[in-house]
Amino acid sequence: MNFLAHLHLATLADSSLTGNLMADFVRGDPHAQWPTNIAEGIVLHRRLDALTDRLPEVRQACALFRAETRRVAPITLDVVWDHFLAKHWTQLHPGQTLKQFSAGAEREIMLLLPGTPVAFQELNQIMWRESWLERYAEQTWMQNVLNGMARRRPRLHRLRDSYSDFTEHYQLLEKLFFVFYPRLMTLASQQKL
């Protein structure tokens with residue numbers, strides 16, 4: 001899961017959006033550093049990452065990637081799942097547009113942004129201004145996302161190449177998404193993540 005899916009599932013689970021979005025910027029025990037609601041959001045994000053990586057559908061999706069991109073497949077798939085969520089937003093989250101959801105998430109997170117890690121603050125300045133959550137629905141935007149991640153982390157340069165795995169297996173990846181993501185939504189709504 002990437003930004004959009006974490007925020008979506010956090011909303012369903014009634015969890016801190018700030019904590020869920022900030023989790024990758026926090027090391028160690030979040031309870032020692034953050035208020036309880038934010039710390040619990042960080043913990044939820046970490047649990048969700050571990051759960052998702054073990055799902056048989058995600059493992060099947062990883063196996064679709066070529067040998068030279070398989071190592072970065074889990075990272076690519078995190079972004080791919082956000083693409084399918086954004087593309088099918090009205091089906092998965094009826095009653096609120098993705099633009100409305102994004103605006104609400106931005107408002108909530110920006111209120112708590114002061115005092116968060118600098119890199120997280122920088123991410124938020126760019127992400128909301130450039131409407132990342134909404135742009136995930138655009139298949140071509142995914143190439144920009146993967147190229148940007150590869151540029152920021154040179155050891156993950158194969159992310160750039162993984163876009164072709166995404167496009168080659170697009171329909172199967174979309175089917176796999178619809179097998180596991182609704183289950184995660186149910187678990188989130190039942191506070192069982």
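Modeller: Tryptophan 89 and phenylalanine 101 are both buried. The model is a predicted one. It contains 13 aromatic pairs. In the pair formed by tryptophan 89 and phenylalanine 101, the ring centres are 4.8 Å apart and the planes make an angle of 50°, a tilted arrangement. Tryptophan 89 belongs to helix α6 (residues 89-92) and phenylalanine 101 to helix α7 (residues 98-111), so this pair ties together parts that are twelve residues apart in sequence.

A second pair has another geometry. The planes of phenylalanine 177 and phenylalanine 180 stand at 80° with 6.0 Å between the ring centres; because planes over 60 degrees apart count as edge-to-face, the pair takes that name. Phenylalanine 177 and phenylalanine 180 lie in helix α12, three residues apart, and about one helical turn therefore separates them. In general, an α-helix has 3.6 residues a turn, so residues three or four places apart point the same way. Phenylalanine 177 has a relative accessibility of 0% and so counts as buried. Phenylalanine 180 is likewise buried, with a relative accessible area of 0%.

The buried residues of α1 are Phe3, Leu4, Ala5, His6, Leu7, His8, Leu9 and Ala10. After α1 comes aspartate 14, with a positive phi near 55°; aspartate 14 is not a glycine. This residue sits in the loop between α1 and α2. Aspartate 14 has a relative accessible area of 70%, and it is exposed because that value is over 50%. Serine 131 also has a positive phi of about 55° without being a glycine. Its position is the loop between α8 and α9 (132-135), and its relative accessibility of 28% makes serine 131 partly exposed.

The largest pocket has a volume of about 950 Å³. Its lining comprises 29 residues, and Asn2, Phe3, Met149, Arg152 and Arg153 are the closest to its centre. Two or more lining residues come from each of α1 (3-12), α3 (36-54), α5 (73-87), α8 (118-129) and α10 (139-152). Of these, α10 gives the most, with seven residues. The lining consists of 13 nonpolar, six polar and ten charged residues.

Alanine 23 is found in the loop between α2 (17-22) and α3. With a relative accessibility of 3%, alanine 23 counts as buried, because the value is under 20%. Its contacts, apart from neighbours within four places in sequence, are Ile42, His45 and Arg46. Alanine 23 and phenylalanine 120 are separated by 97 residues in sequence, yet their C-alpha atoms are 9.5 Å apart. Asparagine 124 is in helix α8. Asparagine 124 counts as buried at 0% relative accessibility. If residues up to four places away in sequence are not counted, asparagine 124 touches Leu21, Ile109, Met110 and Leu113.

Technical notes. Residues are numbered from 1 along each chain as its sequence is written. This is a predicted model: local features need pLDDT of at least 70, side-chain atom pairs count only at pLDDT 80 or more; totals for chains, interfaces and linings use all residues. Side-chain values use heavy atoms; hydrogens and water are left out. Rings of Phe, Tyr and Trp (its six-membered ring) pair if their centres lie within 6.5 Å; planes under 30 degrees apart count as stacked, over 60 as edge-to-face and the rest as tilted. Helices (H or I, at least four residues) and strands (E, at least two) are DSSP runs, numbered from the N terminus. Buried means under 20% relative accessible area, exposed over 50%, partly exposed in between (1.4 Å probe, protein chains only). On a 1 Å grid over the protein atoms alone, a cavity is a set of points where a 1.4 Å probe fits but cannot get out, and a pocket is an open set with protein on both sides within 12 Å along at least five of seven lines; lining residues have an atom within 4 Å of a point. Grid points are joined across faces, edges and corners, and a volume is the space filled by probe spheres set on the points. Ala, Val, Leu, Ile, Met, Phe, Trp, Tyr, Cys and Pro count as nonpolar, Asp, Glu, Lys and Arg as charged, and the others, Gly among them, as polar. Contact means heavy atoms within 4.5 Å.
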